[in-house]
Amino acid sequence: MPTNAITPLNTVNTPGEKNFTIFGEGWELRDAIIKESTAYAAGQAMRAEISGSTTTGKLVSASTNSGVNSVGANFYGIMAEPVRSTDSDYATAGKTKKVWVPVQNNAECRFTVGAGTFTTADINKTAAIHSDGISVAVDTNGLGCKIVGYISSTRGVCTFDIPATLTA
């Protein structure tokens, strides 16, 4: 008997979606310099790399909130394409990859729950990006993202309009 997946009315159809998935308006696709010799997934949250107290000009994973919105390590965007260790430019310094960058404060993104119990009570909470960099730790307070919607216990909607910090 064939299975016929049906999405109920007024719900978001997200079969097979994982990681951060941008949707709607408010996003711009840009080329960005990515740290060399590091693999990243499509849908990975990215931030500015900090060395000492200054930026390097490269993007790295925003995992575990890894300083996002502190010491200048602001959220930058969402990887639009993966970086694999088998890529010909994997170890190339200065390589650029496509990254979705929010250009409006209300640019929304669907996310996967990486840790915690996600309920509608979490809407309007600021939470940490999980240690994997591709999901949200919904029970961990942090400045990674602001939860603005509930899809299911494993998927939600967020924005990244958290106040940015400055780097001297």
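I78 is found in strand β5 (residues 75-79). Strands here are DSSP runs marked E of at least two residues, numbered from the N terminus. Before going on, note that this is a predicted model: local features need pLDDT of at least 70, side-chain atom pairs count only at pLDDT 80 or more, and totals for chains, interfaces and linings use all residues. Residues are numbered from 1 along each chain as its sequence is written, and side-chain values use heavy atoms, with hydrogens and water left out.

**Around I78**

Is I78 buried or exposed? I78 is buried, with a relative accessible area of 1%. A contact here means heavy atoms within 4.5 Å. I78 and A62 are 16 residues apart in sequence, and their C-alpha atoms are 9.6 Å apart in space.

**The sheet**

Strand β5 belongs to an open sheet of five strands, in the order β2-β6-β5-β3-β4, with antiparallel pairing. At the edges you find β2 and β4 (54-61), each of which pairs on one side only. From one strand to the next, the twist averages 45°. That angle is taken between axes, which are lines fitted to C-alpha atoms, and it runs from 0 to 180 degrees between N-to-C directions. Two strands count as paired if DSSP finds at least two bridges between them. As background, strands of a sheet pair through backbone hydrogen bonds, either parallel or antiparallel.

Now zoom in on one pair. Strand β3 (residues 45-51) and β4 pair in the antiparallel sense over five bridges. S51 has T54 in β4 as its bridge partner, while M46 stands opposite S61 in β4. Together β3 and β4 make a hairpin with two residues between them, and G52 in the turn has a positive phi of about 70°.

**Charged pairs**

Side chains of opposite charge can pair when their charged atoms come close. A salt bridge is a side-chain nitrogen of Lys or Arg within 4 Å of a carboxyl oxygen of Asp or Glu. By this rule the count comes to seven salt bridges. Among them are these:

| Lys or Arg | Asp or Glu | N to O distance |
|---|---|---|
| R30 | E28 | 2.7 Å |
| K98 | D31 | 3.0 Å |
| K125 | D122 | 3.8 Å |

R30 is partly exposed, at 30% relative accessible area, and E28 is partly exposed too, at 37%.

What does the K98 and D31 pair tie together? K98 lies in strand β6 (residues 96-102) and D31 in strand β2 (residues 27-33), so the pair links parts that are 67 residues apart in sequence. K98 is partly exposed at 34%, and D31 is partly exposed at 49%.

Not counting residues up to four places away in sequence, K125 touches V138, D139, T140, N141, C145, K146 and I147.

Key. Buried < 20%, exposed > 50% of the residue type's maximum accessible area, 1.4 Å probe, protein only. Helix = DSSP H or I, 4+ residues; strand = E, 2+ residues; numbered from the N terminus.
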